[in-house]
Protein chains: 2
Amino acid sequence: MTGAPNSVLALSGGVGGAKLALGLADLLPPGQLHVLANTADDFRHLGLYICPDIDTLLYTLSGNANEVLGWGRAGETWNTMQALQGLGGATWFRLGDKDLATHLWRTAALERGEDLAQVTDKLARQLGIASLIHPMCEEKVSTTVHCAQGDLPFQQYFVKEQCKPAVSGFHFEGIARARPSSNVVSLLQGTAVAAIVVCPSNPFVSIDPILHIPGFWQVLRDHRAPVVLVSPIVAGAAIKGPAAKMMAELGLPVTAFGVAQHYCERYPGLLDYFVIDESDATLAREIAGLGVQVRVASTVMKSRDDKRRLARFTLDLVAA
Amino acid sequence: MTGAPNSVLALSGGVGGAKLALGLADLLPPGQLHVLANTADDFRHLGLYICPDIDTLLYTLSGNANEVLGWGRAGETWNTMQALQGLGGATWFRLGDKDLATHLWRTAALERGEDLAQVTDKLARQLGIASLIHPMCEEKVSTTVHCAQGDLPFQQYFVKEQCKPAVSGFHFEGIARARPSSNVVSLLQGTAVAAIVVCPSNPFVSIDPILHIPGFWQVLRDHRAPVVLVSPIVAGAAIKGPAAKMMAELGLPVTAFGVAQHYCERYPGLLDYFVIDESDATLAREIAGLGVQVRVASTVMKSRDDKRRLARFTLDLVAA
């Protein structure tokens, strides 16, 4: 994959990352946004192959995201779940009727022997998405959450236990054998990529898996394109999800500084820019001390305009 | 499984068989009807393990059958199929939203390592069914339809091609390794079974697979309980499905006599009684010539009363 000039590569997990990806997609010409999606929370459930982060990206970038729920498809119905409940089946992972179609489609294609990259690309095309969504790898990677009560598979921790157990760490089973998306690797080998954006996703369970693929973060570090990270922690809290709670449990400061510390210690030299929210402006100097250039913006994305504004800020930053 | 005294064992495929099974269930005390279901049209589709005949029995015996469509669940919705169509997915096998729950439930249970007999029994209990439904075997058996244009997997012939290709025969892949339902085998070893009813199902693709399980039809033949078959062909036509068309293509007379000929040639000595419809009364003598006792009844089951009346006729016949 050679890619269009001035392409942007965005690393993303689910909801928060998808918001910035949508802003970027709104601003960039078709085919210029490449989103590299975490797949370490993929899992098989009820016979189906489910990719929560890819699906959130698919639904968000195609305008099919459920704004009311904050996850899943717009205008969703729950007739299958209701019938499954009537059978005494497992309904802790809520699969909407429309959402189910995606899982059935994907599972059928994978069973036919297509790879996840092909399958994801076809789904994106079918949904009319002009950006490219790449699974981080083809190999099966499964996140285990180390908790006081023992290890939990990610979705059990995240959905069934609603992130309640205290975490002490994470393990990405299979990551040692994983190879980064071949499309993204060849994209990075050319001159197309002008910016690498780490979206405001959970550092531990969304971005770390991508950066843990052997050798991959070094490829990003050594690429000529600047790497910009947007803090997922704003004013000491995560906009959505368990990132702040995890930081506290891991003994990190629950601030944008804590996020920066995590990335700068684990991936030295990776980040060029670290974008924090206006409400965290006082942390700028401290974060800069970690050896990263800090920029301050309004990073909370509620409206479509918010998303575009933050995307514009990010693009302007790397263009400068 | 010992079974209640005066139990009835009914061999059944889908729709036609399920109607008589419902009539029998209405008349018999709870636990006294055992239905042995064809599983040779089971298949995996979109990642799911689908048992069309078992599901038709489950829905029919629990009062959840879709009377309008003649298949599937009552009050069905199609949101998943609609979304799947939007993704360009395979929608030739129509899976309703409620029906999907059954397949998801079953697939999950099988993936946990439960066997099909357990899974089917739990589904029956969950749906409040007082009869017992037994899959014919645990082994995977797959029907191939030999057609002029080549071999077709059963569901492709039956649903996708709508039974249009002319058939020249059938093959039940895996049948040589299949062992009959252990529950039914132990039931037949005791004294509980007082009648064996072959429901008016398709002889070739619903009943033949059951009777082709090595050694099984001989067990039925040698059992003290009389074996009663109700003709699925009435006045030269099948009430539903391709049985009549198949008979014509196979060179059999498309009559109740043709059905009797098929059974008496393939399974000599199996049938004690052959029940034909009033409209076929003139065939009685000819069928009796095959060495089976013929009885004439009103066999078309439209209403619930029709089903009960035919069930009553069948039970009275064996009680006599």
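## The main sheet

In what order do the seven strands of the open sheet in chain A run? Reading across, the order is β5-β2-β1-β9-β10-β13-β14, and the pairing is parallel. At the edges stand β5 (132-135) and β14 (293-297) of chain A; each has a single partner strand, so one side of each is left without a neighbour in the sheet.

Let's zoom in on one end. Strand β13 (residues 273-277) of chain A runs parallel to β14(A), and five bridges join the two. Here A:Val275 stands opposite A:Arg295 in β14(A). Helix α13 (residues 304-319) of chain A packs on the sheet, where it touches β9 (193-198), β10 (227-230), β13 and β14 of chain A. The direction of this helix makes about 150 degrees with that of β10(A).

Strand β6 (residues 142-147) and strand β7 (residues 150-153) of chain A pair in the antiparallel sense, over four bridges. How many residues does the hairpin use to join β6(A) to β7(A)? It takes two residues. Across this pair, A:Cys147 stands opposite A:Gly150 in β7(A).

## Inside the structure

Take A:Ala21: leaving aside its neighbours within four places in sequence, its contacts include A:Ala10, A:Leu33, A:Val35 and A:Cys199. A:Leu57, A:Thr60 and A:Leu61 are also among the contacts of A:Ala21.

Is helix α2 (residues 52-61) of chain A largely enclosed or largely open? It is largely enclosed by the rest of the structure, because 10 of its 10 residues are buried. Just after α2(A), A:Gly63 takes a positive phi of about 75 degrees.

For a contrast, hop over to chain B. B:Asp316 lies in helix α13 (residues 304-319) of chain B, and B:Asp316 is exposed, with 11 other C-beta atoms within 10 Å. The C-alpha atoms of B:Asp316 and B:Asp55 are separated by 29 Å, and these residues are 261 residues apart along the chain.

## How the two chains meet

The contact takes 25 residues from chain A and 25 residues from chain B. On the side of chain A that touches chain B, β4 (48-50), α3 (79-86), α4 (97-111) and α5 (116-126) each supply at least two residues. The largest share of that side, 10 residues, comes from α4(A). The copies meet through the same surface, because 100% of the interface residues of chain A are also interface residues in chain B.

A rotation of 180 degrees, with 0.0 Å of shift along its axis, superposes chain A on chain B at an RMSD of 0.0 Å. The two copies are thus related as by a two-fold rotation axis. Which residue of chain A comes closest to the rotation axis? That's A:Gly47, at 2.9 Å (C-alpha).

## How confident is the prediction?

The mean pLDDT of chain A is 96, and 100% of its residues reach 70 or more. The model scores ipTM 0.89 and pTM 0.91.

Terms used: Residues are numbered from 1 along each chain as its sequence is written. Chains are lettered from A and ligands numbered from 1 in the order in which they are written. This is a predicted model: local features need pLDDT of at least 70, side-chain atom pairs count only at pLDDT 80 or more; totals for chains, interfaces and linings use all residues. Two strands pair if DSSP finds at least two bridges between them. Two residues are in contact if their C-beta atoms, placed from the backbone, lie within 7 Å. Axes are lines fitted to C-alpha atoms, for helices over the stretch in contact, and angles run from 0 to 180 degrees between N-to-C directions. Copies are superposed by least squares on the C-alpha atoms of residues with pLDDT of at least 70 in both. pLDDT is the predictor's confidence in each residue, from 0 to 100. A residue is buried if 20 or more other C-beta atoms lie within 10 Å of its own, exposed if 12 or fewer, and partly exposed in between; C-beta atoms are placed from the backbone.
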